[in-house]
Amino acid sequence: MQDIHSQRILIVDFGGQTTQLIARRVRECGVYCEIHPWDMHAETVEAFNASGIILSGGPESTIAQGSPTIPEQILNLTVPVLGICYGMQALVNQLGGQVQAQQSHSEFGYASVALQGACALLDNLSDRDESGVRELDVWMSHGDRVESLPDGFEAVGTSDNAPIAAMVNNDKNCFGIQFHPEVTHTVKGAQILERFVLDICGCDGLWTSGNIIDNAVNSIRKQVGNDEVLLALSGGVDSSVVAALLHKAIGKQLTCVFVDNGLLRLNEGDTVMQTFAQNMGVKVIRVDAEEQFLNGLKGVSDPEAKRKIIGSLFIDVFEQEADKLENVMWLAQGTIYPDVIESAASSTGSAHLIKSHHNVGGLPSNMRLKLVEPLRELFKDEVRRIGVDLGLPSSMVYRHPFPGPGLGVRILGEVTKPYADILRLADDIFISSLVKHDLYDKVSQAFTVFLPVKSVGVTGDGRRYNYVVSLRAVETIDFMTARAAHLPYDFLDEVSRTICNSIPSISRVTYDISSKPPATIEWE
């Protein structure tokens, strides 16, 4: 079997908002890649053994004091390098060229780049050919600009506000582009990245759904041997795909534990049992732990504290179940690659922790079970693709994400059973309405949040003083950034009226229009 990790692209992250998009585009080319911070250790660079390197964009200026720099080990390598925006300017700055701050000449948004000269990255690409000049429609986002190039480089692209919008050193296979090929606004962006990864770096496209499944099955078998594995099966996309993957790999060695913790969506338990236990023949133990979880959360309002309590209680439940089985040594989780990136600080501690992630954070250090995380390298779209290939129904695979702590992070403040029961009903109305109006698949994630405040309402001739919920729907590509979905006003009006008329304890419905950043997708 071929090693699907043998050809790999190193993506150096300078803090750009679209760095994960670069990685997803590389994966779409069928090539494995990883994102590492710009301040990674020299040993990490050497051990990675990259087939090629992409330097991401970033929010800072390369000429500012203390700005991020390209590791010297990378500059000394002989593999192809592509600098994007900040990455291009960092190459110029560190190799002896000149970058200047030109706020009056900044470019943000659409731009046209005129191409010139020979460049393996851009040859024969164009969106227009005006009087023999090839032009690309691209997306720019920069304030500084390159004024002069290092020795050995030549300019191969210009724009109105960037006299050097693309550069190449043909002898060293080193390229720089001032625009962002990873975003869809750059029309030929996917072709540019594909050309770099496949043609220039010489990768073969081994990172396919079938190869990923075969690799995961072999890795799981090697990792767990004859041991038994417990999986926390929630019914969400990630845990469902893990269940199917583990079932394919180790069959009866897998025991799924479905914990009804009182923080799940309406009728979640019955749906999970029907899908996996009855239809797929997977061994699933259903545990009613609602009282245990609600007691553990009593009086707790801090989001981080709630996450850790829920995570710890899950482990307690799993270990109780494991004690009933003779050979259980492993706990399986649906951790995916964005979980790992978002939860990790950089090697120097310069990255800030946003939260303990649903899967990654909150696990006790004295946990007896070892972890198996077969999706840890994958983005959500890759998880869905292998889920379909494993035979899971599309309705499950393309279901919106649901956090590990469940409604525990969608009930603000203290979690109680009455709050959870109210939220379950309101959320079901919202999601069912999205499906009914053919809007569910047009948004990336949608849910309802319970606010522990009361608002005056009017019913008939009487007034009532009841709770408030907020609807949340977002559009996103990578779940690292997101914008509020522009749902039709008439639709929101209908959902609001249905919730208030169907659930007497709710008097008001709001709609969250915050983007990420500055907000997060979940409220806690």
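## Two helices that cross

Axes here are lines fitted to C-alpha atoms, for helices over the stretch in contact, and the angles between their N-to-C directions run from 0 to 180 degrees. With that in hand, let's look at a pair of helices in this predicted model. Helix H14 covers residues 417-436 and helix H15 covers residues 489-502; their axes come within 10 Å and cross at roughly 145°. The crossing of H14 and H15 is right-handed.

Who does the touching? On the H14 side, the contact is made by Ala 426, Ile 429, Phe 430, Ser 433, Leu 434 and Lys 436. H15 brings Phe 491, Glu 494, Val 495, Thr 498, Ile 499 and Ser 502. Sorted by class, the H14 and H15 contact has seven nonpolar, three polar and two charged residues.

## The nonpolar cores

The largest nonpolar core has 95 residues, and the ones with the most contacts inside it are Leu 487 and Ile 499. Ile 499 is also one of the H15 residues in the contact with H14. As for Leu 487, skip the residues up to four places away in sequence and you'll find it touching Phe 430, Leu 434, Leu 439, Val 443, Ala 473, Leu 492 and Tyr 511.

There's a second, separate core too, with 40 residues, including Cys 29, Val 31, Val 138 and Cys 203.

## A five-stranded parallel sheet

Next up is an open sheet of five strands, in the order E15-E14-E13-E16-E17, with parallel pairing. Strand E15 (284-288) and strand E17 (370-372) are at the edges with a single partner strand each, so one side of each has no neighbour in the sheet. From one strand to the next, the twist averages 30°. Zoom in on strand E13 (residues 228-232) and strand E16 (residues 328-332), and you'll see them pair in the parallel sense over four bridges. Val 229 has Trp 330 in E16 as its bridge partner.

Helices lie across these strands. Helix H8 (residues 268-280) lies across strand E14 (254-260) and E15, running at about 165° to E15. Helix H10 (residues 303-322) lies across E13, E14, E15 and E16, and runs at about 135° to E14.

In the loop between H8 and E15 you'll find Lys 283.

Setting aside its neighbours within four places in sequence, Lys 283 is in contact with Leu 254, Thr 255, Cys 256 and Leu 325. The C-alpha atoms of Lys 283 and Gln 253 are separated by 9.3 Å, with the two residues 30 apart along the chain.

Strand E10 (residues 154-158) runs antiparallel to E11, and three bridges join them; here Ala 155 stands opposite Met 167. Strand E12 (residues 174-177) also pairs with E11 in the antiparallel sense, over four bridges, and Ala 166 has Ile 177 in E12 as its bridge partner. The hairpin of E11 and E12 has four residues between the strands, and Asn 173 takes a positive phi near 50° there.

Methods: Residues are numbered from 1 along each chain as its sequence is written. This is a predicted model: local features need pLDDT of at least 70, side-chain atom pairs count only at pLDDT 80 or more; totals for chains, interfaces and linings use all residues. Side-chain values use heavy atoms; hydrogens and water are left out. A nonpolar core is a set of buried Ala, Val, Leu, Ile, Met, Phe, Trp, Tyr and Cys residues joined through side-chain atoms within 4.5 Å. Buried means under 20% relative accessible area, exposed over 50%, partly exposed in between (1.4 Å probe, protein chains only). Contact means heavy atoms within 4.5 Å. Two strands pair if DSSP finds at least two bridges between them. Helices (H or I, at least four residues) and strands (E, at least two) are DSSP runs, numbered from the N terminus. A crossing is left-handed if the near helix is turned anticlockwise from the far one by less than a right angle, and right-handed if clockwise. Ala, Val, Leu, Ile, Met, Phe, Trp, Tyr, Cys and Pro count as nonpolar, Asp, Glu, Lys and Arg as charged, and the others, Gly among them, as polar.
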